[in-house]
Amino acid sequence: MSTQADILDEALQRAAAVPRLLVAVDFDGTVSPIVDDPADAEPLPAAMDAIETLAGLAGTTVALVSGRALADLAARSALGPPVRLVGSHGVEIDDLAIELPIGGAQLLARLRTELTSIADGVAGVLVETKSASVAIHVRQADRRDAARVTQATLDGPGAWDGVHVLQGKEVVELAVIAPDKGAALHRLRVQTSADAVVY
């Protein structure tokens, strides 16, 4: 009887044998440890070495994927071609300009204003603006404040028409474009004609 490790090993061997392979890796929690302040995140040297080694293999495309804004991901990882970068949970791809929906810029400005108001005066709460979303981070806040801010975000601007809610660990992100890492990876798979994807 095969163990989970055996099944995984067999699947990886099959993937490694295909002519064209796409390997995608998350940044926070994989390449970089989770930290209290997102601005303190740094990639692990061994992980970066592995990514660069993979990217140098024939027939292999490597993508670094993150909920972070694309510019932040690029600066923090110091990676670029041949490594592909996917930011904002799939909304931003390194070779694709973002097109906000009609009224998206105004909605984004309203979200920024509202989340700034919700966070105002609450210690440990950070508001982060991206190209198509605004995120409110509560990891460093008192637990009661974190719960209150999270609920106010979900019940208030999170319920507005045209807003897509993405709730993560200690963060709520409100986007004007539906975030979809899977769709972004599918686009890269088609673009690279990958026979298999390891994520």
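**Figure 1. In strand β3, Leu-85 is the bridge partner of Leu-64.** This close-up of a predicted model counts local features at pLDDT of at least 70 and side-chain atom pairs at pLDDT 80 or more, while totals for chains, interfaces and linings use all residues. Strand β2 covers residues 60-65 and strand β3 covers residues 84-87. Strands are DSSP runs of E (at least two residues), helices are runs of H or I (at least four), and both are numbered from the N terminus. Three bridges link β2 with β3, and the two strands run parallel. Strands pair when DSSP finds at least two bridges between them.

**Figure 2. Two residues other than glycine have positive phi values, Ala-78 and Ser-88.** Ala-78 sits in the loop between α3 and β3, and its phi is near 60 degrees. Ser-88 belongs to the loop between β3 and β4, with phi near 50 degrees. Are these residues buried or exposed? Ala-78 is exposed because its relative accessibility is 66%, whereas Ser-88 is buried, with a relative accessible area of 4%. The cut-offs are under 20% relative accessible area for buried and over 50% for exposed, with partly exposed in between (1.4 Å probe, protein chains only).

**Figure 3. A cis peptide bond runs from Pro-81 to Pro-82.** Look for omega near 10 degrees at this bond. Pro-82 lies in the loop between α3 and β3. Ala-78 is found in this loop as well, so you can look for both residues in one view. Numbering starts from 1 along each chain as its sequence is written, and side-chain values use heavy atoms, without hydrogens or water.

**Figure 4. Strands β5 and β6 form a hairpin.** Three residues come between the two strands. β5 and β6 run antiparallel and are joined by four bridges.

**Figure 5. Ser-133 is a buried residue in strand β6.** Ser-133 counts as buried because its relative accessibility is 3%. What does the side chain of Ser-133 make a polar contact with? Its partner is the side chain of Glu-173, at 2.6 Å. A polar contact is a pair of N or O atoms within 3.5 Å; within protein, one must be able to donate a hydrogen and the other to accept it, and residues adjacent in sequence count only if both are side-chain atoms. Leaving aside neighbours within four places in sequence, Ser-133 is in contact (heavy atoms within 4.5 Å) with Leu-108, Glu-128, Glu-173, Leu-174 and Ala-175.

**Figure 6. Ala-159 is an exposed residue in the loop between α5 (143-155) and β7.** Ala-159 counts as exposed because its relative accessibility is 54%. How many residues separate Ala-159 from Val-65 in sequence? They are 94 residues apart along the sequence, and their C-alpha atoms are 27 Å apart in space.
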